[in-house]
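Here is a short briefing for a reader new to this structure. Look over the sequence and the model first, then read on.

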Amino acid sequence: ELPQSLSEDFSAILAVTVIASLAPAFDDNDPWLAQRLTPIVEKVGRLLESELPSISKETGAAIQHAYATGAWVLGERTGKLKWLQAAVAAYEAALEVRTKEALPLDWAMTQNNLGAALRTWGIREEGTQRLQAAVIAFEAALEVYERAGAIYFVDGVRTNLDEAKTLIAERTPPSN
């Protein structure tokens with residue numbers, strides 16, 4: 001039996017370690033990013049598959065979000081659908097805890113990132129199903145960011161939303 005405070009400390013340390021280890025996912029200039037990121041994302045994926053009762057739901061959601069971001073970047077860089085599917089599933093799992101009511105800004109960030117993963121997936125397939133799901137996620141994030149006055153995030157989400165809508169328009173045949 002470990003004291004509760006140690007369990008809480010371990011949970012926080014684990015979350016910070018996972019998030020920090022996935023920070024390279026944001027380095028767009030690294031030509032070796034996918035190669036360096038793959039073993040880290042795989043390890044975090046195995047961690048998420050295991051039962052860790054000492055981790056709080058919020059910490060678990062933060063780890064899910066970090067894993068999803070790493071998987072999304074791998075999907076973009078490698079073109080492997082498995083990573084995009086993993087990213088979408090992990091973002092959706094994080095949203096079960098990061099609710100709009102409890103954590104609106106975290107929820108909006110996760111919605112935006114979910115939209116980005118869906119857009120990337122949608123680019124790689126026929127039709128507009130994933131792109132339309134991306135639009136829904138972007139619009140949800142935009143609503144919260146606008147209400148919060150988070151202008152920096154509003155601009156980014158609007159750009160994402162416009163790109164997804166443009167892709168849908170390009171794929172939609174004109175009506176007579």
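Does Asn113 count as buried or exposed? At 14% relative accessibility, Asn113 falls under the 20% cut-off, so Asn113 counts as buried. The model is predicted.

**Asn113 and its surroundings**
- Asn113 sits in helix α5, which covers residues 104-123.
- Neighbours within four places in sequence are set aside here; beyond them, Asn113 is in contact with His65, Thr69 and Tyr91.

**Helix α2**
- Helix α2 covers residues 33-49 and has 17 residues.
- At 1.5 Å a residue, α2 should span 24 Å. Its end C-alpha atoms are 24 Å apart, so expectation and model agree.
- The buried residues of α2 are Leu33, Ala34, Leu37, Val41, Val44 and Gly45.

**Salt bridges: the count**
- The structure has six salt bridges, counted with a cut-off of 4 Å between nitrogen and oxygen.

**Glu125 and Arg130**
- The side chains of Glu125 and Arg130 form a salt bridge, at 3.5 Å from N to O.
- Arg130 has 22% relative accessibility, so Arg130 counts as partly exposed.
- Glu125 is partly exposed too, with a relative accessible area of 24%.

**Glu139 and Lys165**
- Glu139 pairs with Lys165 in a salt bridge; their closest N and O atoms are 3.7 Å apart.
- Glu139 belongs to helix α6 (residues 129-148), and Lys165 to helix α7 (residues 151-171). The pair therefore ties together parts that are 26 residues apart in sequence.
- Glu139 is partly exposed, at 37% relative accessibility.
- Lys165 is also partly exposed, at 40% relative accessibility.

- A salt bridge joins the side chains of Glu143 and Arg147, at 2.8 Å from N to O.
- Both residues are in helix α6. They are four residues apart, so about one helical turn separates them.
- Glu143 counts as partly exposed, with 39% relative accessibility.
- Arg147 has 57% relative accessibility, which is over the 50% cut-off, so Arg147 counts as exposed.
- Lys100 comes in as well: salt bridges with shared partners join Lys100, Glu143 and Arg147 into one network.

**To recap**
- Asn113 is buried, whereas Arg147 is exposed.
- Helix α6 holds Glu139, which pairs with Lys165 of helix α7.

Terms used: Residues are numbered from 1 along each chain as its sequence is written. This is a predicted model: local features need pLDDT of at least 70, side-chain atom pairs count only at pLDDT 80 or more; totals for chains, interfaces and linings use all residues. Side-chain values use heavy atoms; hydrogens and water are left out. Helices (H or I, at least four residues) and strands (E, at least two) are DSSP runs, numbered from the N terminus. The expected span of a helix is 1.5 Å times one less than its number of residues. Buried means under 20% relative accessible area, exposed over 50%, partly exposed in between (1.4 Å probe, protein chains only). Contact means heavy atoms within 4.5 Å.
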